[in-house]
Amino acid sequence: MPDVPGRPAQPLQAGTARVVTLRGELDLLTAPALRARLDMLTAGHCPDLVLDLRRVSFIDCTGLGVLCRVRNRVSARQGRLRLVTDSDLLRRVLRHTGMTGVFELLPCMPVGVADPPATDPVDSAAH
């Protein structure tokens, strides 16, 4: 991720990342609950959030809006947001919407943050 003005010079503490595993569809129906959950997780100072999107099967503009919102909240609090995805579809959607460089995208879970106690599963396919 490119340097962001106001970002702390020292890295965030290792092992403090909160992992949220999403599955199913991120769309108009699932966005409100997801937005509320992510707002709660990013309410504090310097949040370190990893969204595991590898099990997301569909994302619409509302889902992209939730991702942008959480990115803005994390950035405003001098935190870090990483999206884990191996989906060519999601990368293509980001490219076509001009948002390729907006998110820190990772092909697999970062080392040291996949510990089960830090994982917070969210089933976005509740409809």
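These legends walk through several close-up views of a predicted model.

**View 1. The whole chain, from end to end.**
Start with the parts list: the protein chain has three helices and five strands. Going along the sequence, they come in the pattern β-α-β-α-β-α-β-β. Of the 127 residues, 41% count as buried. Now look at who touches whom: among contacts between residues at least 6 apart in sequence, 79% join residues at least 24 apart.

**View 2**
β1 and β2 run parallel and are joined by eight bridges.

Which residues of α1 are buried? In this helix, which covers residues 31–41, they are Ala-31, Leu-34, Leu-38, Asp-39 and Leu-41. Looking down the axis of α1, these buried residues fall within an arc of 160 degrees, so they line one face of the helix. Here's the handy rule behind such patterns: an α-helix has 3.6 residues a turn, so residues three or four places apart point the same way. On the other side of α1, Ala-33 and Met-40 are exposed.

**View 2. Leu-38 and the nonpolar cores.**
Stay with Leu-38 for a moment: setting aside neighbours within four places in sequence, Leu-38 is in contact with Val-20, Leu-49, Leu-51, Val-66 and Val-70. Leu-38 is also one of the residues with the most contacts inside the largest nonpolar core, a group of 23 residues. Others on that list include Leu-53, Leu-67 and Leu-81. Who supplies this core? β1, α1, β2, α2, β3 and α3 each give at least two residues. Apart from it lies another core, of seven residues, with Val-19, Val-84, Leu-106 and Met-109 among them.

**View 3. Strand β3 and its partners.**
β3 is mostly covered, with four of its five residues buried. Five bridges join β3 to β2, and the two strands run parallel. In that pairing, Leu-49 stands opposite Leu-81. β3 also pairs with β4 (residues 104–106) in the parallel sense, over three bridges, and there Arg-82 has Glu-104 as its bridge partner. Helices come into the picture too: β2, α2 and β3 make a right-handed β-α-β unit, and so do β3, α3 and β4.

Leu-51 is 32 residues away along the chain, yet the C-alpha atoms of Leu-83 and Leu-51 are separated by 4.9 Å. Leaving aside neighbours within four places in sequence, the contacts of Leu-83 include Leu-51, Leu-53, Leu-67 and Phe-103.

Thr-85 sits in the loop between β3 (80–84) and α3 (88–96). Thr-85 counts as buried because its relative accessibility is 0%. What does Thr-85 touch? Not counting residues up to four places away in sequence, the list is Leu-53, Arg-54, Leu-90, Arg-91, Leu-105, Leu-106 and Pro-107.

Methods:
Residues numbered from 1 in each chain as written. Predicted model: local features only at pLDDT ≥ 70, side-chain atom pairs only at ≥ 80, totals over all residues. Heavy atoms only, no water. Buried < 20%, exposed > 50% of the residue type's maximum accessible area, 1.4 Å probe, protein only. Arc of directions from axis to C-beta. Contact = heavy atoms within 4.5 Å. Core = buried A, V, L, I, M, F, W, Y, C linked by side-chain atoms within 4.5 Å. Pairing = 2+ DSSP bridges. Right-handed = clockwise from strand over helix to strand, strands pointing away.
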